[in-house]
Amino acid sequence: MSLYYEAAAVLANSDNAGGSLKSRIYNKEDLKSSPAQLFAVVIEASKWSSVLKEVIERSELLKEERKLTPILALLLTHDLILSKSGVAAPANHALKLAINRHKARLSAEFTKLRIRDGHGTLQAFRDAINDGIAGEVETASHNATLHPRWIRVNTIKTTVAEQLATTFAGYGMTDDLRAVQNASARSKIYYVDTHIPNVLALPPKADLSKCPAYIDGQIIFQDKASCFPAYLLDVQPEDGDVIDGCAAPGNKTTHLAAIILERMSRDVQDGRKQRIMAFEKDKIRAGTLRKMVKLASADQIVSIRGGQDFLVANPDSEEFKNVEALLLDPSCSGSGIVGRDDVLKIYLPDPQLGATNNSNAGRSKKRKRRPQESRTSQPISTLKMELDDTATEETSTDGNLTERLAALSTFQLRILLHAMRFPKARKITYSTCSVYFEENESVVFQALASSVAKERGWRIMKRKEQVDGLRKWNTRGAWENNKVGGALDLTVEEREAILDACIRCKKGTDDGTMGFFVAAFIRDDSTTPDGLETENLTPETEAVEEEEGWNGFSDDEGKSVGRLEAPKSSEDVSDPSKNKKKRKRRKK
Ligand SMILES: C[S@@+](CC[C@H](N)C(=O)[O-])C[C@H]1O[C@@H](n2cnc3c(N)ncnc32)[C@H](O)[C@@H]1O
């Protein structure tokens, strides 16, 4: 099979392989082409795809060559016009013959488009594409261009000073984040974050994926907002063991490890007293977690509980007796995630469109297109996939939003209440990359109203008790009426203080972060009373707490996140209220 057929098969995912583009290519066993060559062909064609889509449509290639698929047409046109060595196939290969028949027309359309878009030479066009200022079709994630490439310097392996002197030698510092947000990929500027230690911002399209410091795990691509939880947890040497309840791919786990190791004295480090136990229920994601933890050299203090459900971990077990801090970053709607550069996006030509009905036909030739201006008003057919496996989890967007949010927040609350049961626990952070109140403030209020929180003395970590950088962060929680069920029994002042303790990040603002939420819970006294009262509970909390006390349920994301897995018994669980009654009976 030729390079192009193999690349097209990977993109079309004809064998239904899961995972990122990289893992699909590198895990494929019967490839004839080299994986590196295949990867390069796809990446290069994707960069140019919105341009080539239009070239192909205007030349009517797909109307005439009916055996070519849109993906094949894209790959072949790319190499025909833009690859120095041309189409990588023998002269008499059917694909080469097919694409060569249209060389003159394709080249002419490409040149017209280059000139129309105001690029005097092919090199100028290439530079604009590589800088990400051309070839981008306007999408909902327009603000992605304002989203800097955030980097966390992994202090387990290196220091900021060392990175500035090596990886970023020749770069200039700016104290204006907006200068970085608006810089082109090739601008050598960086910004040192003022809220989170060891975090730098680089231009949005800066490509550091091939730089040795990234490959060696000295720098980690991690959004500033995603660094809030480990920093807010502020683990001290006397804080005992730490649990990361929902760990893969491991950005927060390795951040936690870096903070702990920085504070641990050398002699204690050798004795490895303080440990992080990282739970990851999904076995495949646990593999990624393992890789990330090792690459960051965090494996010296992190033990991975791969394939283990945090909800099933028994808080009273001997192995958790020293756990004093927990970081919880459970599955969420992912609604705060900004369209990332590490998601490959390929625009495919529409076989039905041609020179006469292409939406751009008739545009003034002289008009220079603004970089973010929409290339087409037609619905665009796109392929989207993760470039590698390190991106944070995004969950299914299928189904009714209200129902999804209800299921997610039930699961998130269960995770949080479970953490509150660890006998020596004194600090917990709860975070999501969601923008929804239901997954954020609502979970916090319900957790605080729960019997486990009341019995064990859990309260919110007030703003004035937070680490310096986050105390200074001004975007805080917000209230939404009629969204937390039951009486909360709080004065307006108490409610406002809790909201002020909640930390939010908004996406697409000058802050340059993704949408994010984090809050911390603390308790001063770690004594654990026996038994839990169930009075004064909101209906939601009561339902969740009942499930908590019964081991037959486990959160199962599968494809639709937040669904409750069937209990191991044969009881019908399609109606949760039925099960609630059954559980009540069992309790008696
Ligand atoms: C939002 S992601 C975590 C991202 C991670 N904290 C980071 O910063 O890289 C949530 C993860 O929790 C895992 N998960 C969900 N429910 C879990 C459970 N009950 N026990 C352990 N892991 C769980 C999911 O498989 C997913 O990998």
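This is a predicted model: local features need pLDDT of at least 70, side-chain atom pairs count only at pLDDT 80 or more; totals for chains, interfaces and linings use all residues.
**Ligand shell**

The ligand is surrounded by 23 residues. Cys246, Asn251, Lys281, Phe310 and Asp329 are the closest of them. By class, the shell holds 10 charged residues, eight nonpolar ones and five polar ones. Two elements, helix α14 (251–263) and strand β7 (276–280), each contribute at least two residues to this shell.

**Ile284**

Ile284 belongs to helix α16, which covers residues 283–295. Ala248 lies 36 residues from Ile284 in sequence, yet the C-alpha atoms of the two are 9.4 Å apart in space.

**Open sheet**

An open sheet is formed by five strands with mixed pairing, and their order is β2-β3-β4-β1-β5. At its edges are β2 and β5, each of which pairs on one side only. The partner strand of β2 is β3, and the two run in the parallel sense, joined over two bridges. Within this pair, Met173 has Tyr190 of β3 as its bridge partner.

| Strand | Residues |
|---|---|
| β2 | 172–173 |
| β3 | 189–192 |
| β5 | 219–221 |

How values were computed:
Residues are numbered from 1 along each chain as its sequence is written. A residue is near a molecule or strand if its C-beta atom, placed from the backbone, lies within 6 Å of it. Helices (H or I, at least four residues) and strands (E, at least two) are DSSP runs, numbered from the N terminus. Ala, Val, Leu, Ile, Met, Phe, Trp, Tyr, Cys and Pro count as nonpolar, Asp, Glu, Lys and Arg as charged, and the others, Gly among them, as polar. Two strands pair if DSSP finds at least two bridges between them.
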